[in-house]
Amino acid sequence: NLGFFTDVTARRATAVEHQALVNRLHRSEKMEALGLLAGGVAHDLNNILSGLVSYPQLLLMDLPDESPLRGPIRTIENSGKRAAAIVQDLLTLARRGVAVSRVTNLNRVVSDYLQSPEHEKLKKYHPNVTFNLDLGDRLMDVKGSPVHISKTVMNLVSNAAEAAEPAKGFISLSTRNQYVDRPIRGYDEVKEGDYAVLTVTDEGSGIAPEDLKRIFEPFYSKKVMGRSGTGLGMAVVWGTVKDHNGYIDVVSAQGRGTTFTLYFPATREAR
């Protein structure tokens, strides 16, 4: 008797790869649609907030120091500033927020953030978390907005710190140069080229597979609002990386932690 067998391994691999490509496309289209919505909302809010931010300052200039109105007016002013910060996050998500583009270095951005008041405040919130730093030598420069990249680092570290609590945990920040000679097919598909790579790793609770698909969507959060920000942090990470023509990879396992790897195209342009 003759038997005929068909090896379907390659066919299955192709089908899996095709489905992954479709998933990345759908995810990208969804984020672009959300970005357009965010841009429209941010534009309208900007018009409303212009008076809310500026007029309290004018009122405070005319009030005597002992006036009982100074406290309520400062509360209005601070609320306006917080709302303005949310608008900036929405603009970043809409990919309209990166107006400044200059040659910078990820090592400098990471080091500056770790010495910032924002990071000191984070350490007070999470005293059990230990931060490890491993900055690559002769890291290639990137071209973009140091402010937006710094905010991306801040959001990733903040998320990692919350994942690492309440037990004692480690958060590792590292940078390196990497030449990608063939596409890396992960959360994003990283194209060929030279990159300055930023990695943030925590030993926290990890991300469930069903959540991993949606972690960059605005307001998709399992965290407590108020203490943990606006719900736009990871959306800002996505928008900033895409604004810099970069890529994101995420690897996570429940109970074993999460690693975010950001690929920023390197530049040889002089500073």
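**Strands around E9**

Biologist: Which strand do eight bridges join to E9?
Modeller: Strand E7 (residues 193-202), and E7 and E9 run antiparallel. Strands here are DSSP runs of E with at least two residues, helices are runs of H or I with at least four, and both are numbered from the N terminus. Two strands pair if DSSP finds at least two bridges between them.

Biologist: Before we go on, what kind of model is this?
Modeller: It's a predicted model, so local features need pLDDT of at least 70 and side-chain atom pairs count only at pLDDT 80 or more, while totals for chains, interfaces and linings use all residues. Residues are numbered from 1 along each chain as its sequence is written, and side-chain values use heavy atoms, with hydrogens and water left out.

Biologist: What about E3, how is that joined to E9?
Modeller: Two bridges join strand E3 (residues 141-144) to E9, again antiparallel. Asp141 has Thr267 as its partner in E9, and Val142 has Ala266.

Biologist: Is E9 mostly covered or mostly open?
Modeller: Mostly covered: eight of the 11 residues of E9 (257-267) are buried. Buried means under 20% relative accessible area, exposed means over 50%, and partly exposed is in between, using a 1.4 Å probe and protein chains only.

**The core**

Biologist: How many residues are in the largest nonpolar core?
Modeller: There are 35 residues in it, and those with the most contacts inside it are Leu106, Phe216, Ile248, Val250, Phe260 and Leu262. A nonpolar core is a set of buried Ala, Val, Leu, Ile, Met, Phe, Trp, Tyr and Cys residues joined through side-chain atoms within 4.5 Å.

Biologist: Which element gives the largest share?
Modeller: H5, with seven residues. Among the other elements giving two or more residues to this core are H7, E7, E8 and E9.

Biologist: What does Val250 touch?
Modeller: Leaving out residues up to four places away in sequence, Val250 touches Tyr187, Leu212, Ile215, Phe216, Thr258, Thr259 and Phe260. Contact means heavy atoms within 4.5 Å. There's also another core lying apart, of six residues, among them Val180, Tyr195, Tyr247 and Tyr263.

**Helices**

Biologist: New topic! How do H4 and H5 cross?
Modeller: The axes of H4 (residues 117-125) and H5 (residues 146-164) come within 11 Å and cross at roughly 5°. That makes H4 roughly parallel to H5. Angles under 35 degrees count as roughly parallel, over 145 as roughly antiparallel, 65 to 115 as roughly perpendicular and the rest as oblique. The axes are lines fitted to C-alpha atoms, for helices over the stretch in contact, and angles run from 0 to 180 degrees between N-to-C directions.

Biologist: Which residues make that contact?
Modeller: From H4 they are Glu118, His119 and Leu122, and from H5 they are Met154, Val157, Ser158 and Ala161.

Biologist: Is H7 mostly covered or mostly open?
Modeller: Mostly covered, with 10 of its 11 residues buried. Trp238 and Lys242 are among the buried ones.

**Loops**

Biologist: Where is Asn245?
Modeller: Asn245 is in the loop between H7 and E8. Asn245 has a positive phi of about 60° although it isn't a glycine. With a relative accessible area of 56%, Asn245 is exposed.

Biologist: And where does Arg138 lie?
Modeller: In the loop between E2 (129-134) and E3. Arg138 isn't a glycine either, yet has a positive phi of about 50°. Why is Arg138 called exposed? Because its relative accessibility is 83%.
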